[in-house]
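Take a walk through the model shown here.

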Amino acid sequence: MTKHFLRDDDVTPAQQAEILDLAAALKHSPYSERPLEGPQTVAVIFDKTSTRTRVSFAVGIADLGGVPLIMDSGSSQLGAKESISDTARVLERMVSAIVWRTFSQKGLEEMAAGTTVPVVNALSDEFHPCQLLADLLTIREHKGALQGLTVAFVGDGSSNMAHSYLLACATAGMHIRIGAPEGYLPDAQVVTDAEAIAATTGATVLVTEDAQVAVSGADVVVTDTWVSMGQEDQKAQRVKDFGAYQVDSALMAQADASAIFLHCLPAYRGYEVAPEVIDGSQSVIWDEAENRLHAQKALLTWLLRHSK
């Protein structure tokens, strides 16, 4: 049966841990797994601009012995002259996996339903599960283990990053708190899904409008841009709405003294995060960025191994 990775909860706690273990091994020995030897080709499709996703998947696929076929939907028939499902059926005849950075989660689901090769969500409007694998790997490197740690995500609780943090942290047995203003709270169904997972892993889920409550005593503090792609016309209002949710030195002081700071990048210093935090000693953003490569190599290796 073909395995896909469209949401963070598409893997069980044991499977998530297995992928993270493999990521750590691949970081230590980058060319020890060659599942794409041949070379086999992986289609990497972009509907949105990208730096880390594009580079990490292209390099990672090459490291695994394969060839990345970088495509953008604007220069293909995908979703315009040809349906997503028809494109999926064509691609499965020529590539070993499909990676798609797009807008609609439903589009990814249609792609996965129409193909027999693994489909990976490289970002959608609802979730960013590949980023969370990298973030969990980074946290594990700096904290030693994930189970029982407290993570605070501050900012846009309705974002794909907040949704993925809810699901991935619950899966890892971590206590996840979302601090966000009214009108920017997480999707209720995602919170319900996270709570259901948490009930089986020992995790807890808290959604609050108080940033200090979210961060108090946390082991990890995370934020993301207040203005994502496609929201540029909302910038002035968003900056106003999120003003009290900037991660600055005063807010970080509410966290555990040994807390680390994460941001998936690109970051806008002076908006969602103060320069002294993102450039300070608690920031591990460059490890986090590098770990996109290792986590995604592990994910592709795992998906291909379990889809035979």
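Two elements each give two or more residues to the side of domain 1 that touches domain 2: helix H1 (13–28) and helix H12 (285–306). H1 supplies the largest share of that side, nine residues. By type, the residues on that side of domain 1 divide into 10 nonpolar, five polar and eight charged. Here Ala, Val, Leu, Ile, Met, Phe, Trp, Tyr, Cys and Pro count as nonpolar, Asp, Glu, Lys and Arg as charged, and the others, Gly among them, as polar. Helices (H or I, at least four residues) and strands (E, at least two) are DSSP runs, numbered from the N terminus.

This is a predicted model, in which local features need pLDDT of at least 70 and side-chain atom pairs count only at pLDDT 80 or more, while totals for chains, interfaces and linings use all residues. Residues are numbered from 1 along each chain as its sequence is written, and side-chain values use heavy atoms, with hydrogens and water left out.

Now the domains themselves. The domain assignment of the protein chain gives domain 1 as 13–128 + 292–306 and domain 2 as 131–288. Such bounds come from an automatic or database domain assignment. Taken over C-alpha atoms, the centres of domain 1 and domain 2 are 25 Å apart. At the interface, 23 residues of domain 1 are in contact (heavy atoms within 4.5 Å) with 25 residues of domain 2. The two domains bury about 1,900 Å² between them, and 60% of this lies on carbon and sulfur atoms. Three residues stand out: Gln16, Leu20 and His128 supply 32% of the area that domain 1 buries against domain 2, more than any other three residues. Buried area is the accessible area (1.4 Å probe) that two parts lose on being put together, summed over both.

Next, charge. Side chains of opposite charge can pair when their charged atoms come close. A salt bridge is a side-chain nitrogen of Lys or Arg within 4 Å of a carboxyl oxygen of Asp or Glu. The whole structure holds 10 salt bridges. Between domain 1 and domain 2 the count is two. The side chains of Arg140 and Asp21 also meet in a salt bridge, at 2.7 Å from N to O.

Which parts of the chain does the bridge between Glu33 and Arg305 tie together? The closest N and O atoms of this pair are 3.2 Å apart. Glu33 lies in the loop between H1 and strand E1 (41–46) and Arg305 in helix H12, so the bridge ties together parts that are 272 residues apart in sequence. Glu33 is partly exposed, at 23% relative accessible area. Arg305 is partly exposed as well, at 40%. On this scale, buried means under 20% relative accessible area, exposed over 50%, and partly exposed in between (1.4 Å probe, protein chains only). Leaving out residues up to four places away in sequence, Glu33 touches Leu22, Leu26, Asp63, Leu64, Thr301 and Arg305. Glu82 is elsewhere: 49 residues from Glu33 in sequence, and 35 Å from it in space, C-alpha to C-alpha.

Another salt bridge joins Arg238 and Asp156, with 3.1 Å between the closest N and O atoms. Arg238 is in helix H9 (residues 235–241), and Asp156 is in the loop between strand E5 (150–154) and helix H6 (160–171), so the pair links distant parts of the chain, 82 residues apart. Both Arg238 and Asp156 are buried. Elsewhere, salt bridges that share partners join Arg7, Asp9 and Asp193 into one network.

End at Ser159, in the loop between E5 and H6. Ser159 counts as buried, at 8% relative accessibility. Its side chain reaches the backbone nitrogen of Ala162 at 3.2 Å. Not counting residues up to four places away in sequence, Ser159 touches Glu126 and Phe153.

Key: A polar contact is a pair of N or O atoms within 3.5 Å; within protein, one must be able to donate a hydrogen and the other to accept it, and residues adjacent in sequence count only if both atoms are side-chain atoms.
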